[in-house]
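Work through these exercises with the model open. Each task is followed by its solution.

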Amino acid sequence: MPESPRPATTHTRRTVLKSTAVAAAGATPAPAPAPAVAAAAAPTTAGDVAEVMEITLSVNGRKHAVTVEPRVTLLDALRERLALTGTKKGCDRGECGACTVLVDGERIKSCLTLAVMRQGSAITTVEGLADGDRLHPVQEAFIRRDAFQCGGCTSGQIMSAVACIREGHTGSDEEIRQWMSGNICRCACYQNIVAAVADAAREVRR
Amino acid sequence: MTGLVGRPVARVDGRAKVTGAARYPADNPVPGALHGFLVTSEVAKGEVTDIDTSAALAHPGVVAVLTHRDMPRLTVPSFPYPKGFIPMQDTVIHHVGQPVAIVVAQTVEQAQEAATLVAVRYRTERPRVVIDDAAGAPYLPPPFRNRPNEFKRGDATAALAGAEVRVEARYSSPARHHNPIEPHATTAQWDGDRLTLHETTQGVHFTKSTIATAFALPADNVRVVAPYLGGGFGAKGPTWSHTMINAAAARILRRPVRLVLSRAQMYTMAGHRAEFRQQIRLGATRAGKLTALLSTTIAQLSNTEESIFNSSESARLLYDCPNLHVRQEGVRLDVATSSYMRSPEMTAHFGLETALDELGWALDLDPVELRRRNHTEFNQETGQRFGSKHLLKCYDMASEAFGWSQRKRRPGATKDGDEYVGWGMATEMHTFGAMPSTASVTVGPDGKVVLRIGTQDIGTGTYTIISQIVADAMGVPLDVIQAHIGDTALPVAGLSAASATIASVSGPVDRAARAARDAVVGLAVADERSPLFAVPADEVETRHGHLIHTRNRQRRDSYGAVVSRAGKPVEATGSGPNLPGLSYGVVFAEVRVHARLGSVRVTRVVTAHDIGRVMNRRTARGQVIGGVTWGIGHALMEHTVYDRNSGRVVNPNLSTYLVPVCADAPPELEALFVDEPDPGSTALGARGFGETPITGVPAAIGNAIYHATGRRVRDLPITQDKLL
Amino acid sequence: MRSFGYASARDSADAVRLADRTPGAAFIAGGTDLLNLMKDGVQHHRHLVDVNKLDLARVTESASGLRIGGLARMRQVAEHHAVRARFPVLAEALLASASPQVRNMATIGGNLLQRTRCGYFRDIGSACNKRVPGSGCSALQGWNRGHAVLGGSESCIATHPSDLAVALTALDASVHVLGPGGTRRIPVGEFYRLPGDTPQIETSLRPAELITAVEVPRHPTATRSRYLKLRDRATFEFAVVSVAAALDLRGHFVRDIRLAFGGIGTKPWRSAEAEAELRGKNLTVERVEQAGRVLVRGAVPRQDNEFKVELVQRALAELVLGLGGLR
């Protein structure tokens, strides 16, 4: 069975900065020596294996060596380690779809998978769709059909649409509506998204 | 004139958004910034008696854990900081989710884990979080920003008593949350006493002044940057406390710190639409003329402020009624501060437009006809005639497109397979704001035009529309224009809330562009090297980037050439008065209700709106399709649930706080516009509009459900269990 | 999320060995529920054993029925021709689940082991006996619109969220597991446990046991089987109420029937009593209504979920009468 959440310790202590040197050091990254007072009384964190792994992620046709803890999601690896911020974090729980990317051609939610689980896979993000200056037909259709407003969900919508078309789920508007429902658009540009996906599907098949 | 304003121009920021190139405030604006994460109160009411940060501090990567003991004393700003207090200034707990500590670490994972290690002890009291549990009776709060909460006209009580027909009903709406897809994010970077914030905000200049007040800094020491915003809907209109706490942490640590709210934290940290009750009493003649309108509303207020956002403007202003009594009451509860959420007035408008439908059935009068009979051309409060109001035309256009004349008069009369089909309608109305703004336009020697204005594009199309305005005013193609917005380094502009952006920026942008054009023309006709030398300025036309002598079209120059010869860029600014106003419309909806299971689908919607001049039909349509689906969410599913025992939000996520998905959006939707420029507009004939197309949708759906089934549901959301 | 160690297993035996000898280990396959639980602090595992490389993703059909590898993805199973043709309730339940993206990720084994969506269970600030035994149940006196009316106890009234498990329950499937003690086959009806006063124990899995396959027997009812899921938005939501029905009909005569329900029970709910009202008789509206009444006979509705008692009967009638051609 899972361990229950760790019991809270309730000692009374003044908050101390972990490193008082930090304030004086200005913008220099702090070496962060643990102050003796805090460390001595800290409950053990034994078992919290802070192991890091050196992995290679293949993103948009390029291989990236990246050092991550196992707990780093693919989404956070893309955004925070590889500076590929086109992929958005909306909920971090797989409930909005903003983080949708393609892994080996299939759409997945990158917040629900660990980067270490995706070594050896071909990952495609929104940054990797266009062919140089030439936009992917789905990207073009999204502009043409005004299928976004704020853009917060757009990367995920587009990646989902690329896969939706590839899966063959664009036979009717009703089918598109169902198969694009894993991506929430709070601006609710849905009718235009359906039109864009239908357009792009025709374009891709031609 | 190239005549781009009014055309369905594609979004100029489209390419950036579809390629992932658009950099939003959370997209690593300051590489190497530390990561903050908030520890928030588990309890709704009481006091922090102890915080033990030692375990968090010992956690790998943690740089600091700050609590109320470490925070600098901050000044509580007034609106647009609606919270009434700043957390972590003392130990008092006012609501669940109130920040009690901030953990700062090298990585976001470390900060989040360490936040769970901060041990907080509380003295707790039993909270009251829903209107039903309020301790005191509802009361009339003092005016909010000089707006009273009680309105009287004539003698409503007497008129109601003497009315030929009366309708009385109670309506309710739950609390609801904005849920933009982009969570709130802030990155604070200090340079001495100067602060730069990369901030998810609907108003960079408002955030700047609020933060400057909080930190007692000269306003110009604060710079706020937000070139793109991943949705706001009001959630990012006010400044919220996490921005202050994070900035304080960055100042203490002298390191840039980035903080992104978790989705769950967004349910207690950044406002919401308050839980709401409404009692409406209508008096009318048998011919359907309103004689009395009484509306008493109760909004969920917090214990630290008493602003009522769910106001009853439509009851006061929409229909001709000589006798009116509106009371906007509140009850104080142990909840996080509510604020404005896309069309705050829709909450009360649901009751009004549903009550009118009920009156229509009581009178056996078509609901459109009922509204026509109570139409007014006069402002009910000032008595002044509206300069431009085409609501009657909206009724004509939309009812014809919808086929309303085919409507069966009896409820439950239309069945298609397993579903009852019903049609309903409601009038829409929204007041839009307008705020002072200044724009600057610069023409470079390459003929490129740079527009600078500190407004925002929250998805409504600001980038595109202000570029269209410049193109028309100057006679230049769209692709030479570069619009810079979302930065307080740019000229001052207002908040992108209250549907105010168009009304606030269009005039100043137009004036700046025209002044820049005139300056360039002036340079050309005064320059003997120009083919236009000595041509009267009023005989010069500008088109496609060229300056052309209208009487001899061979004589022409170009923006780039003129400015290049002048040796320095030409810059001009524009500002001017902006006026708020009203936008109108109507929504017709078709619903299908499963005869045995009670599930509801909205299958067809037609709207018609009078928004003055339509600046861009594409982006305007975007507001309609978004607004209609927002209305569907509010009518059928959205509902923030508070646990009455603990005060905690039970569904702070997107799997149990339901917002519509693609399959919920009506497959058929027609958005019509009157498109008559408003002569009273200070925005090139346009009016603010983004919120209008939600206002009537919940009532139209509820009215359609009644028409389909004969069941009147007055408590939102209308889930299928209410129709069994 | 608290940090943890990670290892990728080479094969099933390796996976079980790793899980068995590493204290606090758990398997991760799709990760679509596990990572959320860990992010929310509901669960913590000191070590994750990645089982995605295991050769357990095949779907095969034989004379005896269907064998679905524990690591087959939801989409793969939903699209499988044999599933669609001869076990349609499975495909329908899978396609009614989650989102297309999650169906590409989530595995069959993981689907069966996903944990309740009870808001109090997933909120570490609330009391919950399932999460912290003995801490109390916030749902009993709290918001319980989504909770069970059958099978609950004073400790827990949370529902099981899996649509697939409901369909498998109707089809008399069994779960194959491999553990340190070897292989076992567990009928799905015995796989899930009622909460009683130990709601933290949800299944009959033993430590370090891995779901290797789900076996669905061939049966005359399976081909005429359907899934009906009711919810508050069009899709991408857990069930408010759901019904899986499998029917062997000759004309209107019910030769055999299996009925299972989601959203109303603390585990995927099979009702032999409701089936008995219909088996061996001609299908009529009255008999289906009687089966519905029998189904909910022991129901204990709470403040916010009383409607489920009515709604599930209507859903049952809708589905069974539809399957029988009477609606």
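**Exercise 1.** Determine how many of the eight residues of helix H3 (residues 74-81) of chain A are buried, and find what covers them.

*Solution.* Step 1: take helices as DSSP runs of H or I, at least four residues, and strands as runs of E, at least two, numbered from the N terminus. Step 2: apply the burial cut-off (20 or more other C-beta atoms within 10 Å of the residue's own, C-beta atoms placed from the backbone). Seven of the eight residues pass, so H3(A) is mostly covered. They are Leu74(A), Leu75(A), Asp76(A), Ala77(A), Leu78(A), Arg79(A) and Glu80(A). Step 3: list the cover. It includes strands S1 (53-59) and S2 (62-68) of chain A, plus helix H3 (108-115) of chain B. Step 4: look past the helix. Ala83(A) follows H3(A) and has a positive phi, near 60°.

This is a predicted model: local features need pLDDT of at least 70, side-chain atom pairs count only at pLDDT 80 or more, and totals for chains, interfaces and linings use all residues. Residues are numbered from 1 along each chain as its sequence is written, while chains are lettered from A and ligands numbered from 1 in the order in which they are written.

**Exercise 2.** Describe the contact between chain C and chain B.

*Solution.* Step 1: count residues in contact (C-beta atoms, placed from the backbone, within 7 Å). Chain C gives 26 residues and chain B gives 27. Step 2: find the largest share on the chain C side. Helix H12 (residues 307-323) of chain C supplies it, with six residues.

Definitions and conventions
Two residues are in contact if their C-beta atoms, placed from the backbone, lie within 7 Å. A residue is buried if 20 or more other C-beta atoms lie within 10 Å of its own, exposed if 12 or fewer, and partly exposed in between; C-beta atoms are placed from the backbone.
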